[in-house]
Amino acid sequence: GDILDHYLRTDGVWILSRNRQIYKTNNAKECAEKCEAERNFICRAFLFTRKKLQCLTLAENAKMTVMFTSPDAVLYEKKIYLLQCKRGIGMDYRGTEAKTQRGIPCQKWAEKIPHKPNYTPEKHPNAGLEENYCRNPDGDENGPWCYTTDPAIRFDYCAIPECEDQVTQTGEGECMRCNGEDYHGEVSRTESGLECQRWDAQHPHMHGYTVKHYPEKDLEMNYCRNPDGELRPWCFTTSPNKRWEYCNIPRCSTHPAVSGLGSQCLSGKGEDYRGRIAITKSGNACQHWNMQFPHKHGWIPDRYPCKGLEENYCRNPDGEQKPWCYTTTSSVRWEYCTIPSCDMTEQGIAGMDNMPVQAPLTEECYRGKGQSYRGTTSVTASGKKCQAWNSMFPHKHIKTPDRFPDADLRDNYCRNPDGDNSPWCFTTDPNTLWEYCNLKRCDDHTQE
């Protein structure tokens with residue numbers, strides 16, 4: 001496989017490391033090769049800067065030192081040094097557990113008091129005998145162990161959980177279909193072995209994914225879930241240094257039953273719509289989902305096998321208000337589509353009659369600095385979705401509706417509460433705090 005498969009990638013962060021080496025490389029893969037070949041220290045991670053093409057191999061990872069934001073940097077951490085669980089008998093365990101199963105602190109491998117060790121860093125340089133961490137240098141069938149600091153007990157085993165215990169391949173409840181949005185299993189560790197934070201807790205990470213806000217997403221205990229249409233189930237972690245991470249859930253051997261009922265018309269938000277309308281409400285033709293021109297995007301059909309991203313048909317893969325598509329017009333990134341309702345009751349017909357075919361001009365442009373803008377655009381200039389003003393996830397902020405009562409900070413609509421140059425919003429991208437919105441000044445509109 002790819003050398004980078006052995007690393008956990010985090011965009012937009014930097015970590016402090018006293019022990020490091022700097023190299024010039026063309027890409028992250030070359031940087032990983034430098035890390036693998038590093039002889040000055042044990043390379044646990046590396047930083048790669050995209051603009052300077054600079055590679056820094058590091059002796060520390062985010063579990064061992066301070067981490068802060070740096071937009072141009074990408075941090076790659078060796079997964080083996082992040083795992084807090086053991087595979088098999090744990091000969092490759094490189095976690096930081098440093099006490100025995102009875103709670104006795106471990107003796108450092110390089111020390112000779114209170115016990116003179118048979119296994120030392122000098123004799124076994126590849127066994128990871130660092131500090132006083134639990135290890136298994138001799139292939140003991142009972143797993144990682146250490147010499148203890150109790151003179152009466154020479155050594156003892158450590159209580160390291162099994163990585164395999166987190167996933168039971170046999171039960172259909174412990175596997176996922178599609179992107180795992182219907183996963184209701186009990187895996188509660190991330191792919192690197194970190195324990196998940198409870199969904200009803202706000203420590204160490206504050207977030208908005210609560211049962212109150214997402215009652216239908218089964219956010220129980222600290223089980224891995226996919227409430228927001230990610231690639232696969234995830235969770236916030238109990239590590240202050242790692243906000244969230246994907247979980248390692250196997251795919252089910254059986255495929256979900258495909259139902260065609262109600263999929264040719266609009267029901268609810270239209271997430272199950274599978275009709276062939278391929279034009280937006282204002283008449284723009286839709287861009288094919290498997291194309292990246294004129295708009296680059298992440299909704300790639302192969303990544304989302306159950307979202308029905310066929311041809312250029314209108315779809316709702318992300319839980320928007322209704323089906324939408326990217327347009328073939330370079331100046332309009334995406335728009336909603338007008339889909340006939342499945343509910344042909346009087347109420348449904350009335351709803352269709354009131355559905356605007358063309359959005360009013362106030363929704364499409366702003367005057368002056370846009371402080372009076374009250375439209376419903378919720379996308380930034382680069383195409384990122386806006387974070388709701390009353391949400392603190394993924395970004396904590398003070399621009400809340402109660403602090404700015406006259407700014408109409410509804411939902412996640414673009415606004416200008418602080419007199420900036422034009423309407424803006426916080427983004428749902430953890431690496432981008434805020435951006436201006438995809439809006440024009442009304443003066444630029446020929447209709448005006």
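This is a predicted model: local features need pLDDT of at least 70, side-chain atom pairs count only at pLDDT 80 or more; totals for chains, interfaces and linings use all residues.

Student: What about the bond from phenylalanine 393 to proline 394?

Tutor: That peptide bond is cis too, and its omega is near 0 degrees. Proline 394 belongs to the loop between strand 12 (365-366) and strand 13 (424-426).

Student: Back to the loop between strand 7 and strand 8: what's up with the phi of cysteine 178?

Tutor: Cysteine 178, which lies in that loop, has a positive phi of about 55 degrees although it isn't a glycine.

Student: Is cysteine 178 buried or exposed?

Tutor: Buried, because its relative accessibility is 16% and the cut-off for buried is under 20%.

Student: And aspartate 411, what's its phi?

Tutor: Near 45 degrees, a positive value in a residue other than glycine. Aspartate 411 is in the loop between strand 12 and strand 13.

Student: OK, new topic. Which residues touch the most other members in the largest nonpolar core?

Tutor: Trp289, Trp299, Cys314 and Trp324, out of 16 residues in that core. Strand 10 (324-326) and strand 11 (334-336) each supply at least two of the core's residues. Strand 10 gives the most, with three.

Student: What does tryptophan 299 touch?

Tutor: Leaving out residues up to four places away in sequence, tryptophan 299 touches Gly229, Trp289, Tyr304, Leu309, Pro317, Asp318, Trp324 and Tyr326.

Student: What other core lies apart from that one?

Tutor: One of 15 residues, and among them are Cys196, Tyr209, Trp234 and Tyr246.

Student: Let me zoom out. How many helices and strands does the protein chain have?

Tutor: Three helices and 15 strands. The chain has 448 residues, and 48% of them count as buried.

Student: How much of the contacts comes from residues 24 or more positions apart?

Tutor: Taking contacts with a separation of 6 or more, those residues account for 61%.

Student: How many cavities of 30 Å³ or more turn up?

Tutor: Two, from a search of the whole structure.

Student: What lines the largest cavity?

Tutor: Its lining is Arg44, Asn61, Lys63, Met64, Tyr81, Arg94, Gly95, Thr96, Glu130, Tyr133 and Arg135. By class, that's five charged, three nonpolar and three polar residues.

Student: Why is glutamate 38 called buried?

Tutor: Because its relative accessible area is 6%, and buried means under 20%.

Student: So what does glutamate 38 touch?

Tutor: Gln21, Tyr23, Cys43 and Thr57, again not counting residues up to four places away in sequence. As for alanine 59, 21 residues from glutamate 38 along the chain, the two C-alpha atoms are separated by 9.8 Å.

Student: Last one. Where's asparagine 142, and is it buried or exposed?

Tutor: Asparagine 142 is in the loop between strand 5 (67-78) and strand 6 (145-147). Asparagine 142 counts as exposed because its relative accessibility is 52%, and the cut-off for exposed is over 50%.

Student: How far apart are the C-alpha atoms of asparagine 142 and tyrosine 157?

Tutor: They're separated by 7.4 Å, with the residues 15 apart along the chain.

Conventions: Residues are numbered from 1 along each chain as its sequence is written. Side-chain values use heavy atoms; hydrogens and water are left out. A nonpolar core is a set of buried Ala, Val, Leu, Ile, Met, Phe, Trp, Tyr and Cys residues joined through side-chain atoms within 4.5 Å. Buried means under 20% relative accessible area, exposed over 50%, partly exposed in between (1.4 Å probe, protein chains only). Helices (H or I, at least four residues) and strands (E, at least two) are DSSP runs, numbered from the N terminus. Contact means heavy atoms within 4.5 Å. On a 1 Å grid over the protein atoms alone, a cavity is a set of points where a 1.4 Å probe fits but cannot get out, and a pocket is an open set with protein on both sides within 12 Å along at least five of seven lines; lining residues have an atom within 4 Å of a point. Grid points are joined across faces, edges and corners, and a volume is the space filled by probe spheres set on the points. Ala, Val, Leu, Ile, Met, Phe, Trp, Tyr, Cys and Pro count as nonpolar, Asp, Glu, Lys and Arg as charged, and the others, Gly among them, as polar.
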